Amino acid sequence: MANRHAGEQGRHRLRRACLSLMLVGAVMLGASALFASCGGEAEDVSPVDVVAGTSHLAEIASAIAGDRLTVQGLIPAGVDPHSFQPTPSVATLIVESRVVIVDVFGLVPVLDELIQSSATSGQLVVEAAAGLTPRRLSGGHDSHGEHGGDIDPHFWLDPVNVMGYVDTITKAFMSVDPEGTETFSANAARYTEELRQLDAWIKEQVALIPPERRLLVTDHESFGYFAERYGFTVVGTVLGAGSSGGSPSAQELAALVQAIKATGVPAIFMETGSNPDLAQQVAREAGVEVVTDLYTHSVGEDAPTYIDMMRSNVTRIVDALR
């Protein structure tokens, strides 16, 4: 067992060393040969102006960029950022881009490492949530680990926070492409108005839910900003963590079942792609349903834009709780 653990550690160190070599070499010697030397396959990646960590962030940035800048997401749609493993093409995109945007540092630590290792003096690295007021995670297995302290990184699930994203991204684009200032400003104003309309629509939909039923149980602690904005109470989480990688104890699951029964929560909400087994176990014991198709960390086939994903989420929540 010890030998196997040592072997895994060795492979992990080798992978990290090769990844660092890829990043340095991508700048100085060209990525393809070095990717091959580290056991990876060279990938043909077209340079882009802007890379964004998550798929929803890339879509937001694209709405502001218009036809002035090309934008590429780094984490594919449908992939949980907490389990994301970068490929050589991700390193290439980061190295060759002019602007790198993340929702917030700490959301995807492995991506943060790549960005910090590869950023050059000519690159602009942007934290979209910079300047927004953070909320604290309530506690749990991951609240002091993966996200850097106890800050909840899920700012984007409140569309008013995304208005702050828009301001930050617009200023970044103006700094790298001053000639596009008018275009960026007009696109940002248009998109901000869409966000205002989305916010108003969400309030109208939430009003359809009786106040005593505005209760949320989710797979992990992700809907805090949403709950604060629209008057929900977060009763608990299945995984008891700020990421989808938590491992709750039997006692914690039993306590959640009791909380659901005591408060009358009608449903447990899971994001797309999450393993529903634990939620279904809790739901059976508590006598409630499981809703498995919220778009939390990514746009999707049925919700290809940020606004679409929020509308889809709200529709699912309202239908289950009203």
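This is a predicted model: local features need pLDDT of at least 70, side-chain atom pairs count only at pLDDT 80 or more; totals for chains, interfaces and linings use all residues.
Okay, ground rules before we look around. Residues are numbered from 1 along each chain as its sequence is written, and side-chain values use heavy atoms, with hydrogens and water left out.

So, the overall picture. The chain has 322 residues, and 50% of them are buried. By buried I mean under 20% relative accessible area; exposed is over 50%, and partly exposed is in between, with a 1.4 Å probe and protein chains only. The secondary structure comes to 11 helices and eight strands. Those are DSSP runs numbered from the N terminus, H or I with at least four residues for helices, E with at least two for strands. Now contacts, meaning heavy atoms within 4.5 Å. If you take those with a separation of 6 or more, 66% are between residues 24 or more positions apart.

Let's go to the salt bridges. There are 10 of them in the structure, each being a side-chain nitrogen of Lys or Arg within 4 Å of a carboxyl oxygen of Asp or Glu. Which residues are linked in a network of salt bridges? That would be Arg 135, Asp 152, Glu 221 and Glu 228.

Take Arg 135 and Asp 152, whose side chains meet at 2.5 Å, N to O. Both sit in the loop between strand 4 (124-127) and helix 6, 17 residues apart. Arg 135 counts as buried because its relative accessibility is 14%, and Asp 152 is buried too, at 0%.

Arg 135 also pairs with Glu 228, and here the closest N and O atoms are 3.4 Å apart. Glu 228 is in helix 8 (residues 224-230) and Arg 135 in that loop between strand 4 and helix 6, so this pair ties together parts 93 residues apart in sequence. Buried or exposed, what is Glu 228? Glu 228 is exposed, because its relative accessible area is 56%.

Asp 158 bonds with Arg 229 in a salt bridge, with the closest N and O atoms 2.8 Å apart. Asp 158 is in the loop between strand 4 and helix 6 and Arg 229 is in helix 8, so the two tie together parts 71 residues apart in sequence. Asp 158 is buried at 3% relative accessibility, whereas Arg 229, at 37%, counts as partly exposed.

Next, Asn 161, which lies in helix 6 (residues 159-176). At 8% relative accessibility, Asn 161 counts as buried. A polar atom of its side chain lies 3.1 Å from the backbone oxygen of Phe 155. Leaving aside neighbours within four places in sequence, Asn 161 is in contact with Leu 132, Phe 155 and Tyr 225.

You'll find Gln 123 in the loop between helix 5 (109-118) and strand 4, and at 12% relative accessibility it counts as buried. What does Gln 123 touch, not counting residues up to four places away in sequence? The list is Ile 94, Val 95, Ser 97, Arg 98, Val 100 and Ser 118. Its side chain has a polar atom 2.4 Å from the backbone oxygen of Ile 94, and one that lies 3.0 Å from the backbone oxygen of Ser 97. Going by C-alpha atoms, Gln 123 and Arg 98 are 5.1 Å apart in space and 25 residues apart in sequence.

The structure holds one cavity of 30 Å³ or more, and the largest cavity has about 50 Å³ of space. A cavity here is a set of points on a 1 Å grid over the protein atoms alone where a 1.4 Å probe fits but cannot get out, and lining residues have an atom within 4 Å of a point. The lining includes Gly 53, Thr 54, Asp 103 and Asp 112. By class there are five nonpolar, two polar and two charged residues.

Terms used
A polar contact is a pair of N or O atoms within 3.5 Å; within protein, one must be able to donate a hydrogen and the other to accept it, and residues adjacent in sequence count only if both atoms are side-chain atoms. On a 1 Å grid over the protein atoms alone, a cavity is a set of points where a 1.4 Å probe fits but cannot get out, and a pocket is an open set with protein on both sides within 12 Å along at least five of seven lines; lining residues have an atom within 4 Å of a point. Grid points are joined across faces, edges and corners, and a volume is the space filled by probe spheres set on the points. Ala, Val, Leu, Ile, Met, Phe, Trp, Tyr, Cys and Pro count as nonpolar, Asp, Glu, Lys and Arg as charged, and the others, Gly among them, as polar.
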